[in-house]
Amino acid sequence: MNAKPFTFDTEFDADGEVVRPSQWRPVKRSFLPAEVDALVAQARLEAREQALAEVEHLRALALSQIAQAAGAALPTLKAVAQAHREQSADLALQAGRAIAGAALDRFPQAPLKAALELLAQEVDASPRLVVRGAGLDETARAMIAQAAADSGFTGAVAFRDEAGLAPAAFQLEWADGRADYDPEEAARRVGEALSAALAAEAGHAENPVLDRSDV
């Protein structure tokens with residue numbers, strides 16, 4: 001059994017007055033029931049506070065790890081979302097091109113008739129309207145002339161065959177203006193506009209991410 005030497009740490013001055021009392025206190029060997037209950041309650045409270053502190057620490061650590069994981073995954077998630085948008089846009093463009101192509105094959109004069117309706121007020125006062133297109137047979141010319149008359153045009157309609165124009169493409173010329181339509185060029189402009197919009201949304205509008213040369 002190891003013996004602990006007694007340390008007399010009380011200090012006195014020259015007159016015998018206590019300057020610093022001893023810090024030693026005898027160890028209490030027995031407790032009253034009320035004291036035991038109080039000590040137990042205090043121990044429980046301290047244990048509970050310690051457990052809550054540990055839980056809070058673990059919660060903060062978990063949240064920090066989740067934030068770090070989310071931050072690390074964010075660029076990948078953004079890339080996946082951007083790729084999904086681009087693929088969806090490509091699919092929509094291809095589907096729209098297929099539908100438009102089928103419609104133009106069946107109604108090749110529809111864009112020209114729509115243009116005459118929209119330009120009715122502009123060409124109405126012109127004495128002559130020149131229509132340029134490819135494959136304008138007699139049936140097509142009669143249909144276009146009737147569409148011009150239906151839009152209110154009372155002048156002469158002249159036709160010029162342009163073999164280099166795509167099917168459903170046309171050029172209109174009147175006294176003080178002109179208009180033209182090319183489905184291939186229109187599809188290209190739509191693709192470029194969509195590429196620019198997607199690039200701007202991704203934060204790098206100066207470098208479009210989609211190659212729509214085949215649209």
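At what angle do helix 2 and helix 4 pack, and how far apart are their axes? To find out, select residues 110-118 for helix 2 and residues 138-150 for helix 4, which pack at about 20 degrees with their axes 9 Å apart (axes are lines fitted to C-alpha atoms over the stretch in contact, and angles run from 0 to 180 degrees between N-to-C directions). Because angles under 35 degrees count as roughly parallel, helix 2 and helix 4 are roughly parallel to each other.

Before going on, note that this is a predicted model, in which local features need pLDDT of at least 70 and side-chain atom pairs count only at pLDDT 80 or more, whereas totals for chains, interfaces and linings use all residues. Residues are numbered from 1 along each chain as its sequence is written, and side-chain values use heavy atoms, with hydrogens and water left out.

Next, show the side chains of Leu112, Lys113 and Leu116 in helix 2, which meet Met143, Ile144, Ala147 and Ala148 in helix 4 (contact means heavy atoms within 4.5 Å).

Then select Arg132, which lies in strand 3, residues 128-133 (strands are DSSP runs of E with at least two residues, and helices are runs of H or I with at least four, numbered from the N terminus). Leaving aside residues up to four places away in sequence, Arg132 touches several residues, among them Arg160, Leu165 and Phe170.

Technical notes:
Parallel < 35°, antiparallel > 145°, perpendicular 65-115°, else oblique.
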